[in-house]
Amino acid sequence: MDGAETAHSAAARIGDVLSPRRWKLWAQRPGLIAYCLLIELVAVAATVATAGRATRVRDVVILAGLAGLAILQAELGRQIERVRRLVSDTPHINMTSVWTFAGVLLLPPALVTALVAILYLHLGTRSLYRIRRAPLFRVVFNAALVVVTCHVAAAVLARSGVPSMYAALDAGWAGVIVIAIVTATYFVVGALITVPGLTVKKRSFRTLFGGLGDNLLEVATLCLGVLTALTLATLPALALMIVPPLLVLHRAVLVKQLEIAATTDEKTGLFNTTGWHSLATRELHRAQRLPQASFGVLMVDLDRFKRINDQYGHLGGDAVLRAVAGTIKGAVRDYDSVGRFGGEEFVVLLPDIRETDVRTVAERVREAVAGLSVEITDGSRAKVIDGLSASIGVATYPAAGAALDRLLQAADKALYSAKSSGRNKVVCIADVG
């Protein structure tokens, strides 16, 4: 996209911003619209309620310093953050907490709101020039969430008897405890008030609140926020030294998330072929070292899936695949590994299981799929896709083979037998002549 096209595109987006009737907020579900407006109202009310507090020249200087450092970090890490957001499913966890939490510890609450507004105005301006931009309502809503989180943390700080980082320096261990409590408050409130605003239904606990790595990132950014506030309260010139380690942390997190993304099927969230093979190979090596060890492999194939695509379209088919993926995961143990092998075929690794129990698990999966109903929206109408079924082939180590390829071939052969003998059934390789 050249400069003229970029400018034209940005102008069109500005036109959308200035025309309330064209805001994408109104296209969201009613509950999300109401929640967005509620959070924004609370953010405005909290800011107005605290706007009368005295502001010193030092506060304005710190506000300018935090805003400058935040924009510098955002510009230097812009490409990293863009990629991180593409592979991360936890949008409320980001690097801005370093600066906003430092603001909570140093500034009057109204100036913290000003800091958040500056950061998200910068983000929103940047977004105007992106092809894949964030909707305006989402930028404003995220900013309001951060404002509310900051005001709650600031309220806890104000009522603690240690109202700022400056007071904490004089309070000794009492100050340390208060800062730790305020940090925990910011962390918990930020996660809890974000969840109702997530637009994807039926998320798991992990995707709602993030995995261990996501939350450790948030804790790390809050800790850096404490160190930033401490530095600005004592030796302000050293605050610039926060930026390099923050960028390194940002890049390290991205590398880990890319590793996860490389082994994850984008459509279903299950392991892809590469990720599942890697886990299955490790399980095979472990089983080969242990006498009497066994594990099972299930090949699961949805019956007549082409009819679903033909009748409901590929988006309907994708909804079915996601629902079936979740159903299979729910029918097996937490430490079993479910992968998608492409199309409508899934594979399940069942470690530490007796051969007689593998069929039981496979039947449980088959029954769960058969009882599944998937609701989709076709324009303004809701439709339900039901009558699903799956054929499952079963193979067990070491009876069906001592190599992973042999096990997969055996499970696939059993699956073919299930499909050719009527579908919607479980067949073990031992039953195939």
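**Helix packing, aromatic pairs and backbone geometry**

In helix α7, Leu145, Val146, Val148, Thr149, Cys150, Val152, Ala153, Val156 and Leu157 meet Val178, Ile181, Val182, Thr185, Tyr186, Val189, Gly190, Ile193 and Thr194 of α9, contact being defined as heavy atoms within 4.5 Å. Helices (H or I, at least four residues) and strands (E, at least two) are DSSP runs numbered from the N terminus. The model is predicted, so local features need pLDDT of at least 70 and side-chain atom pairs count only at pLDDT 80 or more, whereas totals for chains, interfaces and linings use all residues. Residues are numbered from 1 along each chain as its sequence is written, and side-chain values use heavy atoms, with hydrogens and water left out.

Two packed helices are described by the angle between their axes and the distance between the axes. The axes of α7 (residues 136–158) and α9 come within 9 Å and cross at roughly 150°; axes are lines fitted to C-alpha atoms, for helices over the stretch in contact, and angles run from 0 to 180 degrees between N-to-C directions. α7 is therefore roughly antiparallel to α9, given that angles under 35 degrees count as roughly parallel, over 145 as roughly antiparallel, 65 to 115 as roughly perpendicular and the rest as oblique. The crossing of α7 and α9 is right-handed; a crossing is left-handed if the near helix is turned anticlockwise from the far one by less than a right angle, and right-handed if clockwise.

For α13 and α16, the axes come within 10 Å and cross at roughly 115°, and these two helices are therefore roughly perpendicular to each other. Trp276, His277, Ala280, Thr281 and Leu284 in α13 meet Leu404, Asp405 and Leu408 in α16.

Rings of Phe, Tyr and Trp (its six-membered ring) pair if their centres lie within 6.5 Å, and planes under 30 degrees apart count as stacked, over 60 as edge-to-face and the rest as tilted. By this rule there are four aromatic pairs. One of them is the edge-to-face pair of phenylalanine 101 and tyrosine 186, with 5.2 Å centre to centre and 65° between the planes. This pair links distant parts of the chain, as phenylalanine 101 belongs to helix α5 (residues 97–106) and tyrosine 186 to helix α9 (residues 173–194), 85 residues apart. Both phenylalanine 101 and tyrosine 186 are buried; buried means under 20% relative accessible area, exposed over 50% and partly exposed in between (1.4 Å probe, protein chains only).

Tryptophan 276 and phenylalanine 341 also form an edge-to-face pair, at 5.6 Å centre to centre and 85° between the planes. Because tryptophan 276 lies in helix α13 (residues 273–289) and phenylalanine 341 in strand β2 (residues 337–342), the pair ties together parts 65 residues apart in sequence. Tryptophan 276 is buried at 0% relative accessible area, while phenylalanine 341 is partly exposed at 23%.

Most residues other than glycine have a negative phi, and most peptide bonds are trans. The peptide bond from tyrosine 397 to proline 398 is cis, with omega near 0°; proline 398 lies in the loop between β6 (390–397) and α16 (404–420). Glutamine 292 has a positive phi, near 70°, and is placed in the loop between α13 and β1 (295–302), where glutamine 292 is exposed at 79% relative accessibility. Phi of arginine 304 is also positive, near 50°. Arginine 304 lies in the loop between β1 and α14 (305–331) and is partly exposed at 40% relative accessibility.
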